[in-house]
Amino acid sequence: MLFQPKLFHLHRSCIYYTARGKSSKMNSISPPEAVKGMKEWRPELFNKKVQLPCLRVKSEHVSSLKAPLKNFVFKMPNLSNVQPAEMSENATDVGGDKLIILSPQTVKSFSDLSTVKEHLDKISVKDENFCLKDFTLTSDNWNPNDKLKHILPDGEDVSGFSRIGHIIHLNLKDYTEPYKNVIGHVLMELPGIKTVVAKTSNIDNTYRNFELEVLAGEKDFEVTVKENGNTFSFDFSKVYWNPRLSTEHERIVKMLKSDSILFDACAGVGPFAIPAARKCRVFANDLNPESYKWLQYNAKKNKIREDRINCCNLDARDFIKQVFLQEFLAMYKEENSQDRDIHITMNLPALAVTLIDVFQGLLWNDREKISGNEFPLPILHVYTFSKAEDPHKDVLQRVEEYLGITLDTVHLKEIAFVRSVAPNKDMYRASVKIPAEVLLRDLSKRKLAENSIDEKNKKLKE
Ligand SMILES: C[S@@+](CC[C@H](N)C(=O)[O-])C[C@H]1O[C@@H](n2cnc3c(N)ncnc32)[C@H](O)[C@@H]1O
């Protein structure tokens, strides 16, 4: 083959696909009109008879024409642009000549090859070596992008789906719903894909996993993926995983030093905790027993030293009140403890801000042990969504409300944009050094936000 077409556009563990924007430019021939609007997978509708310009040359001259004909050869997936000139009945090459298939867009007649005439003359390739030959193209000759572009209504696409190991995961929209079976079939052609799923519910359950509908392939949700050099295995139908958070995971891990400590309150299967534990001591927690199971598994698989990671299966607030508090008090007795670099991650964007009032008065009952001494202020990284016009103001306002304090520039480290989730909905991280005044607040004087869990519990008891 003179030119090997590159079939798919893959970007790290995500495939950013849009039938509108990223369709292959190499196909100069469109599939038949009959495929438009196909709702049941009928590959035969892609069959198309075409006449393609060809040059008949001796086998031994094919390689010398590779460079000169580079811009003239026909490029389509699964169609070799060098073919035997004559085939026997059982499709084996009987003669020594080859046909080089040329692009019908650039070559209409032999005279269109005038710029390479010198090369053709040298090997006595003339007008009579030029012919038009019939070919039948099939579904295999278009890549998935091109197929979907021609199947879906004009201007519609399957955009921004993710690849998680052997699974492709996409969100169906109203206009793609009727085409879901066909979309599933077509995406199964991507290399290494065994399952195509769509989420059937919004991600609003406690464990942030999706209910999945298998559009095509095996009902096998156990995957292994790589992120930032670590391997993560999990059952995608039972836990949360989002390949679009890899940069944020990396950002947090970069902040840690060898003597840091990370408390990851909503750790999932470990994308913060596992790479962090390569650097420093980590306490990782998740409420979902399945996440907890895979978190432990991934720690082992990635050969994390046992004294580096502790895994817990608690509610995030209990994790802070029990595990964090116990470790913090133990740490505080150490020499130079005020210099310890302590980080707490709470990546549960729909809820996490409402959980941070747990820090109000966290040290109140232990104030005697602490009094008179300096202690390290932990840095909290809490994630949230914002749809506000001024997201910084919105995020800050909510964080301050749940901590019950106005943050000064010493304590407010950063409000960082993490990623865009939907049009007008972005994910943010507030990184805050929790003020001593918050941690030592008199428990009876906690400033509880109206929507806080503690406030609700208090009202229930009244
Ligand atoms: C958005 S995911 C983040 C997972 C992981 N940290 C990541 O970055 O991919 C939120 C995680 O919080 C867990 N979770 C939900 N409610 C929780 C709670 N009350 N306490 C602790 N974890 C909780 C979910 O099971 C889920 O794994």
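The model is a predicted one, in which local features need pLDDT of at least 70 and side-chain atom pairs count only at pLDDT 80 or more, whereas totals for chains, interfaces and linings use all residues. Residues are numbered from 1 along each chain as its sequence is written.

The protein holds 13 helices and 17 strands, where helices (H or I, at least four residues) and strands (E, at least two) are DSSP runs, numbered from the N terminus. Of its 462 residues, 37% are buried; a residue is called buried if 20 or more other C-beta atoms lie within 10 Å of its own, exposed if 12 or fewer do, and partly exposed in between, with C-beta atoms placed from the backbone. Among the contacts with a separation of 6 or more, 69% join residues 24 or more positions apart, a contact being two residues whose C-beta atoms, placed from the backbone, lie within 7 Å.

Strand β3 (residues 97-101) has four of its five residues buried, so it is largely enclosed by the rest of the structure. Two strands pair if DSSP finds at least two bridges between them; β1 and β3 run antiparallel and are joined by five bridges, with K58 opposite D97 in β3. Strand β2 (residues 82-84) also pairs with β3 in the antiparallel sense, over three bridges, and here Q83 stands opposite L99.

A further group of strands is built around β17 (residues 425-433), which pairs with β15 (residues 379-386) in the antiparallel sense over eight bridges; L380 faces V432 of β17 in this pairing. Strand β16 (residues 412-422) pairs with β17 in the antiparallel sense over eight bridges, placing F417 opposite Y428. Two residues lie between β16 and β17, which form a hairpin, and N424 in the turn has a positive phi of about 70°.

Which residues of helix α5 (residues 246-255) are buried? They are E248, H249, I252 and V253, and, seen down the axis of α5, they fall within an arc of 135°, so they line one face of the helix; the arc is that of the directions from the helix axis to the C-beta atoms. An α-helix has 3.6 residues a turn, so residues three or four places apart point the same way. The exposed residues T247 and K254 sit on the face of α5 turned away from its buried side. The cover over the buried residues of α5 includes β9 (222-227), α6 (273-277), β14 (341-346), β15 and β16.

P31 lies in the segment before β1 (48-58) and is buried, with 23 other C-beta atoms within 10 Å. Leaving aside residues up to four places away in sequence, P31 touches F46, K48, W142, K147 and H150. The C-alpha atoms of P31 and I151 are separated by 9.2 Å, although these residues are 120 residues apart along the chain.

Finally, 20 residues surround the ligand, and the closest are C266, G268, L287, N288 and A316; a residue counts as near a molecule or strand if its C-beta atom, placed from the backbone, lies within 6 Å of it. The shell has 11 nonpolar, six polar and three charged residues, with Ala, Val, Leu, Ile, Met, Phe, Trp, Tyr, Cys and Pro counted as nonpolar, Asp, Glu, Lys and Arg as charged, and the others, Gly among them, as polar. Domain 1 (1-47 + 142-220) and domain 3 (242-461) each supply at least three residues of the shell, the domain bounds coming from an automatic or database domain assignment.
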